Amino acid sequence: MCGIVGAIADRDISSVLINGLKRLEYRGYDSAGIAVLDQQSCIQRVRTTGKIKQLEEALNATPANGNTGIGHTRWATHGIPSENNAHPHVCKKSIAVVHNGIIENFESLREEQRSQDYEFTSDTDTEVIVHQLHKHFYSGNNLFDSVRKTVAELEGAYALGVISTDEPGCLVAARRGSPLVIGIGDGENFIASDMSALLSETNRFIILDEGDIALITKEKVTVFDTDNNEVKRTVHE
């Protein structure tokens, strides 16, 4: 089972991501990584095979600091355990994604994307997601609409966390067939595969329903259902 953590805040969130990933170690994993938007809104990504300890050591050598970011622990399905196959995946240094689940139509999407000159650096099904996000974003959509259009083209299961250099003030989350929660903070918000990852940060949670997509900023969480209607989800305390 893979694990997802994400955060958007006024403070540096690299330690939040690492601590959240540690709380998800019980799921089992063979690689881990984080991606954050730094002060220049550039993506700083660090990935390693092995345990979170190896990721921490890599971050000590190459720090990745910022106010918005996502992290992931991966259990290999498509592709061997390797740094290239570890999440987060990034397209053209502009969009990063973490993904739990399996995309069943990734082969057809990959062939289509290759014909559009997208380059693949991993053997994962997840990489087609970040390329599809990039295609929609640079066709004139904002990040939220790019996620909405992309998930409509995916077959299978997913929980997603997405960040972009062009919209550093937001984090987008989506789920279908794989659980994802939003942690509500004070002037900061979080996402995770389950509540346990965020208990050191908050005790207030929204559990996303099947098909939900959430637009998350430091100040606000807005959730939309499968029909793209804004909905109110219960905040559990």
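These legends cover close-up views of a predicted model.

**View 1. Strand 7 and strand 8 form an antiparallel pair.** Strand 7 spans residues 158–164. Strand 8 covers residues 171–176. Five bridges link the two strands. A hairpin of six residues carries the chain from strand 7 to strand 8. Within the pair, Gly 161 sits opposite Ala 173 of strand 8.

**View 2. Strand 8 also pairs with strand 12.** Strand 12 takes in residues 213–216. The two strands run antiparallel and share four bridges.

**View 3. Strand 8 is mostly covered.** How many of its six residues are buried? Five are. Strand 8 pairs with strand 7 over five bridges, and with strand 12 over four.

**View 4. Helix 3 packs against helix 4.** Helix 3 is made of residues 106–115, and helix 4 of residues 127–137. Two packed helices are described by the angle between their axes and the distance between the axes. For helix 3 and helix 4 the angle is about 50 degrees, and the axes lie 10 Å apart. Helix 3 is therefore oblique to helix 4. The crossing is left-handed.

**View 5. Side by side: the residues where helix 3 and helix 4 meet.** Helix 3 contributes Phe 106, Leu 109, Arg 110, Glu 112 and Gln 113. Helix 4 contributes Glu 127, Val 128, His 131, Gln 132 and Lys 135. What kinds of residues make up this contact? Three are nonpolar, three polar and four charged.

Definitions and conventions: Residues numbered from 1 in each chain as written. Predicted model: local features only at pLDDT ≥ 70, side-chain atom pairs only at ≥ 80, totals over all residues. Heavy atoms only, no water. Buried < 20%, exposed > 50% of the residue type's maximum accessible area, 1.4 Å probe, protein only. Pairing = 2+ DSSP bridges. Axes fitted to C-alpha atoms, helices over the stretch in contact; angles between N-to-C directions. Parallel < 35°, antiparallel > 145°, perpendicular 65-115°, else oblique. Left-handed = near helix turned anticlockwise from the far one by under 90°. Contact = heavy atoms within 4.5 Å. Nonpolar A, V, L, I, M, F, W, Y, C, P; charged D, E, K, R; others polar.
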